[in-house]
Amino acid sequence: MVSCCCKIPIFVFIFLLPLLLISSSICAAHSSETGNSQANNQTFRPEEELKKLKLVRERLNKINKPALKTIQSPDGDIIDCVLLRHQPAFDHPKLKGKKPLDPPERPNGHNRKGMAAEDFQMWMMSGESCPEGTIPIRRTTEEDMLRASSVASFGKKPTRLVRRDSTSDGHEHAVGYVSGDEYYGAKANINVWAPRVSNQYEFSLSQLWVISGSFGDDLNTIEAGWQVSPELYGDYYPRFFTYWTSDAYQATGCYNLLCSGFVQTNNRIAIGAAISPTSSYGGGQFDISLLVWKDPKHGNWWLEFGSGILVGYWPSILFTHLRDRASMVQFGGEIVNSSPGGSHTSTEMGSGHFAGEGFGKASYFRNLQVVDWDNNLIPLPNLKVLADHPNCYDIQGGINTVWGNYFYYGGPGRNVNCP
């Protein structure tokens, strides 16, 4: 755990350093005399704390860009309106000096009627908005970074096995997927809930994955959806997120705009900001529509929210395999099970209820589609479903004329059948 002394201003910290060193020496000497080694092991190390604080502030200076305007969100977030050309994406060596691209051609068969409202995020409730020519970026705080296991790992998914049928790393899934063909995008309506997450070191998310490469060191993914992640955000709100990696979550990629990569073009949507409203059990249901597709002209992967609201794009130069196409598309839920107390976690997936409870009670994905080689949105050719811990979280697929390909999924985690 990080000492509270991290919040002491640097000049005060330096002034106190000799006193802290003396205090540490006295504690060590006392420990030696009494034979109690525990106190010695817990000796405060101000040099290490000062070094970490310096790294945190250096990283914050890279992530948080100068703002033309600042907006205070009702949920406590601070939203900075940053000039398009100053966003983190253009710190990337291959993107320096470039400008955001113009909107691409949409996939054929995409219905843009009934434009979705853009005020689906809490920060918009303030009545403020970012000016044209800027983008809204959730400000990262020192507290956000100190919750991470290290400064280097902040904003990244842990390096892990990513096969959906392997849970040795504590990640559990209930997903629908297609594979065995060439894919150039994916689209889905994702039901939004606020699942309970048991502790800071776990998360619950619902998303789509666009995947290429092997499930080894060369895995490429593009991801978007909503997540509850107290470690990343410091609260339990469901938040709109993006992610990418070109090396199986090792050195490349990050959530949202926490590194250079994703180029945002929209001044009304803040990636990483809280979603409102959410669905309620037996009550109103709320879902978000997400479309990811590869621009046939320039090869970049674009993200659209709702019916026609472009969020931005992942430049093709970020990837190896995804420069060409995807070989798999997945939709569904994922949680982290840290096995607290030796039992399965009670972190919920989706609504926290099993698929069999159906509409209004179980969470769903609907209108699942993929984009083919000719930029056409088409129904899923052969949707398969998989739940790797079906007694904890399950999934049931179906198809009809209104929802097309769909599935219900989720669960409560620990229960009598999932001890």
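**Figure 1. The largest pocket of the predicted model.** The largest pocket holds about 420 Å³ of space. A pocket is an open set of points on a 1 Å grid over the protein atoms alone, with protein on both sides within 12 Å along at least five of seven lines. Points are joined across faces, edges and corners, and the volume is the space filled by probe spheres set on them. The lining of the largest pocket numbers 23 residues; a lining residue has an atom within 4 Å of a point. Ser-153, Lys-156, Lys-157, Pro-158 and Glu-231 lie nearest the centre of this pocket. By type, the lining splits into 10 nonpolar, 8 polar and 5 charged residues. Nonpolar covers Ala, Val, Leu, Ile, Met, Phe, Trp, Tyr, Cys and Pro; charged covers Asp, Glu, Lys and Arg; the others, Gly among them, are polar. The model is predicted: local features need pLDDT of at least 70 and side-chain atom pairs pLDDT 80 or more, while totals for chains, interfaces and linings use all residues. Residues are numbered from 1 along each chain as its sequence is written, and side-chain values use heavy atoms, with hydrogens and water left out.

Figure 2. The whole structure contains 1 cavity of 30 Å³ or more. A cavity is a set of grid points where a 1.4 Å probe fits but cannot get out. The volume of the largest cavity is about 130 Å³. It is lined by 14 residues, with Arg-138, Thr-140, Asn-256, Leu-258 and Ile-271 closest to its centre. Strand E3 (134-138) and helix H5 (230-233) each contribute at least two lining residues. E3 gives the most, with 3 residues. The lining of this cavity comprises 9 nonpolar, 3 polar and 2 charged residues.

Figure 3. Strands E1 (residues 69-72) and E2 (residues 78-83) run antiparallel and are joined by 4 bridges. Strands are DSSP runs of E with at least two residues, helices are runs of H or I with at least four, and both are numbered from the N terminus. Two strands pair if DSSP finds at least two bridges between them. Thr-70 faces Asp-80 in E2. The hairpin has 5 residues between its strands. In the turn, Gly-76 has a positive phi of about 100°.

**Figure 4. The open sheet of seven strands.** The 7 strands follow the order E9-E8-E7-E6-E14-E4-E17, with antiparallel pairing. E9 and strand E17 (384-387) have a single partner strand each, so one side of each is left without a neighbour in the sheet. Strand E6 (residues 204-212) meets strand E14 (residues 326-336) through 8 bridges, running antiparallel. Leu-205 has Glu-334 in E14 as its bridge partner.

Figure 5. All 7 of the 7 residues of E8 (residues 239-245) are buried, so the strand is largely enclosed by the rest of the structure. Buried means under 20% relative accessible area, exposed over 50%, and partly exposed in between, with a 1.4 Å probe and protein chains only. Arg-239, Phe-241, Tyr-243 and Thr-245 are buried on one side of E8, and Phe-240, Thr-242 and Trp-244 on the other. Strand E7 (residues 220-228) pairs with E8 over 7 bridges in the antiparallel sense. Here Glu-223 has Tyr-243 in E8 as its bridge partner. E8 also pairs with strand E9 (residues 254-255), antiparallel over 2 bridges. Tyr-243 has Tyr-255 in E9 as its bridge partner.

**Figure 6. Surroundings of Ala-270.** Ala-270 sits in the loop between strand E10 (263-264) and strand E11 (287-294). Ala-270 counts as buried because its relative accessibility is 0%. Leaving aside residues up to four places away in sequence, Ala-270 touches Ile-79, Gln-121, Trp-123, Pro-136 and Phe-240. A contact means heavy atoms within 4.5 Å. Ala-270 and Val-311 are 41 residues apart in sequence, and their C-alpha atoms are 9.0 Å apart.

**Figure 7. Surroundings of Glu-105.** Glu-105 lies in the loop between E2 and E3. Glu-105 counts as partly exposed because its relative accessibility is 49%. Its contacts, not counting residues up to four places away in sequence, include Trp-293, Asp-295, Pro-296 and Asn-375. Glu-105 and Pro-296 are 191 residues apart along the chain, with 7.8 Å between their C-alpha atoms.
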